[in-house]
Amino acid sequence: MSQGGGGSGTPAGGNPTALQGVGGGVVFSKVFIQRDYSEGTSVKFHTRLPAELDGMIERHVFEATINRLNEFYAEAEEGSCGTYCEGCIGCITAYLIYMCSETHYEKTLRKISKFVASQNERIYNPKGLQLIDPTYRGLRVIEITIFDRPGRT
């Protein structure tokens with residue numbers, strides 16, 4: 001069931017969705033942080049704190065997380081001598097080299113997954129939030145799940 005209004009037209013927030021577990025279990029809602037296309041099509045997300053998260057997490061902590069994710073994606077997409085050589089070697093070997101080694105992009109995506117896991121463990125989970133790795137959503141959005149456990153105020 002979708003809640004209406006607040007934040008659906010803002011770049012940082014999407015329509016929060018409220019869901020309830022079977023038998024009245026854990027209730028949660030989801031907030032989506034949209035991609036920022038103001039500087040082109042490179043992977044970059046809006047850093048503005050959605051209204052749904054206001055009071056749940058400090059603005060500077062949220063912005064630091066999103067800024068670090070944006071830095072990781074910029075690093076993954078930057079061209080260097082190494083990435084160009086990677087492409088040439090891939091072409092020469094009919095791309096069989098990729099069965100034996102990871103690309104720079106894949107290595108960076110692995111770093112992003114580790115970063116998201118550490119942020120969840122240290123910052124987001126204790127506050128009743130779960131940051132979902134953007135690769136699970138096709139790099140279109142960052143999903144943040146808000147858990148509302150029974151007895152939580």
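This is a predicted model: local features need pLDDT of at least 70, side-chain atom pairs count only at pLDDT 80 or more; totals for chains, interfaces and linings use all residues.
With a relative accessibility of 38%, K111 counts as partly exposed. In the terms used here, a residue is buried under 20% relative accessible area, exposed over 50%, and partly exposed in between, with a 1.4 Å probe and protein chains only.

Residues are numbered from 1 along each chain as its sequence is written, and side-chain values use heavy atoms, with hydrogens and water left out.

## The chain at a glance

The chain has three helices and four strands. Starting at the N terminus, these elements follow the order β-β-α-α-α-β-β. Helices (H or I, at least four residues) and strands (E, at least two) are DSSP runs, numbered from the N terminus.

Of the 153 residues in the chain, 33% are buried. The chain exposes about 8900 Å², and carbon and sulfur atoms supply 57% of that area; accessible areas come from the Shrake-Rupley method with a 1.4 Å probe, and for residues only the protein chains shown count as cover. Among contacts with a separation of 6 or more, 50% join residues 24 or more positions apart, where contact means heavy atoms within 4.5 Å.

## Two helices side by side

Two packed helices are described by the angle between their axes and the distance between the axes. The axes of α1 and α3 come within 9 Å and cross at roughly 170°. That makes α1 roughly antiparallel to α3. On the α1 side, the residues in contact include V61, F62, L69, F72 and Y73, and on the α3 side they include Y105, L109, I112, F115 and V116.

Axes are lines fitted to C-alpha atoms, for helices over the stretch in contact, and angles run from 0 to 180 degrees between N-to-C directions. Angles under 35 degrees count as roughly parallel, over 145 as roughly antiparallel, 65 to 115 as roughly perpendicular and the rest as oblique.

## Charged pairs

Side chains of opposite charge can pair when their charged atoms come close. The structure has seven salt bridges, each being a side-chain nitrogen of Lys or Arg within 4 Å of a carboxyl oxygen of Asp or Glu. Back to K111: it pairs with E75 in a salt bridge whose closest N and O atoms are 2.8 Å apart. This pair ties together distant parts of the chain, with K111 in helix α3 and E75 in helix α1, 36 residues apart. E75 is partly exposed, at a relative accessible area of 23%. Another salt bridge joins the side chains of E58 and K127, at 3.5 Å from N to O. Here too distant parts are linked: E58 sits in the loop between β2 (27-34) and α1 (59-77), K127 in the loop between α3 (104-124) and β3 (129-132), and 69 residues separate them. E58 is partly exposed at 36% relative accessible area, and K127 is partly exposed at 25%.

Within helix α1, E71 and R68 are three residues apart, about one turn of the helix. An α-helix has 3.6 residues a turn, so residues three or four places apart point the same way. The side chains of E71 and R68 form a salt bridge of 2.9 Å, N to O. E71 is partly exposed at 44% relative accessibility, and R68 is partly exposed at 32%. E71 also lies 8.4 Å from K44, C-alpha to C-alpha, although the two are 27 residues apart in sequence. Elsewhere, K30, R137 and E143 are linked in a network of salt bridges.

How far apart are the end C-alpha atoms of helix α2? They are 16 Å apart, which agrees with the 16 Å that its 12 residues (81-92) should span at 1.5 Å a residue. The expected span is 1.5 Å times one less than the number of residues in the helix.

Most residues other than glycine have a negative phi, and most peptide bonds are trans. Just after α2, A94 takes a positive phi of about 55°. A94 lies in the loop between α2 and α3 and counts as exposed, at 55% relative accessibility. Y95 is found in the loop between α2 and α3, with a positive phi near 65°. Y95 counts as partly exposed, at 48% relative accessibility.
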